[in-house]
Amino acid sequence: MSLSSFALITLSLISILMMAFSAFSQYNVDITVLDQGSGQPVENAIVTLNSTPIPTDITGHAVFAPIADGNYSYTITKDCYNTSAGNVTVAGGDVFETANL
């Protein structure tokens with residue numbers, strides 16, 4: 001095997017590994033839901049992101065994982081509140097979003 005063939009194979013393998021790594025680079029989207037009037041966390045609100053509904057915990061957090069890079073819309077619903085909606089962009093790291101309900 002010549003040196004140029006070895007270099008070409010090595011570069012090809014590095015490219016494949018980089019594509020595989022970026023395909024699996026996924027992050028958390030943490031949405032905190034607060035009551036618009038009081039500023040207090042809203043427990044058991046349903047946050048839907050990427051067609052996946054998750055209820056908020058006692059601190060108002062709903063965490064979605066793993067989420068790949070991209071733009072996503074979300075909605076938040078809870079009885080006795082108006083529905084809220086927003087957008088998040090995941091770009092190489094975790095996202096922390098605060099939304100009022």
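This is a predicted model: local features need pLDDT of at least 70, side-chain atom pairs count only at pLDDT 80 or more; totals for chains, interfaces and linings use all residues.

Colleague: How do I read a sheet?

Modeller: Strands of a sheet pair through backbone hydrogen bonds, either parallel or antiparallel. Strands here are DSSP runs (E, at least two residues), numbered from the N terminus. Two strands pair if DSSP finds at least two bridges between them. In this model, three strands form an open sheet with mixed pairing, in the order 4-1-7. Strand 4 and strand 7 are the edges, each pairing on one side only. On average, neighbouring strands are turned by 20° against each other, direction ignored.

Colleague: How many bridges join strand 1 to strand 4?

Modeller: Six, and the two strands run antiparallel. For one of the residues, Asp 30, the bridge partner in strand 4 is Val 63.

Colleague: What about the core?

Modeller: In soluble globular proteins, nonpolar side chains tend to be buried together. A nonpolar core is a set of buried Ala, Val, Leu, Ile, Met, Phe, Trp, Tyr and Cys residues joined through side-chain atoms within 4.5 Å. Buried means under 20% relative accessible area, exposed over 50%, partly exposed in between (1.4 Å probe, protein chains only). The largest core here has 19 residues, and Val 29, Ile 31, Val 33, Leu 49, Phe 64 and Ile 76 touch the most other members. Strand 1 gives the largest share, four residues.

Colleague: Is Thr 56 buried or exposed?

Modeller: Thr 56 is buried, because its relative accessible area is 2%. Find Thr 56 in the loop between strand 3 (52-55) and strand 4. Contact means heavy atoms within 4.5 Å. A polar atom of the Thr 56 side chain lies 2.9 Å from the backbone nitrogen of Asn 44.

Colleague: And where is Thr 98?

Modeller: Thr 98 sits in strand 7. This threonine is exposed, because its relative accessible area is 54%. Leaving aside neighbours within four places in sequence, Thr 98 is in contact with Thr 32 and Leu 34.

Key:
Residues are numbered from 1 along each chain as its sequence is written. Side-chain values use heavy atoms; hydrogens and water are left out. A polar contact is a pair of N or O atoms within 3.5 Å; within protein, one must be able to donate a hydrogen and the other to accept it, and residues adjacent in sequence count only if both atoms are side-chain atoms. Axes are lines fitted to C-alpha atoms, for helices over the stretch in contact, and angles run from 0 to 180 degrees between N-to-C directions.
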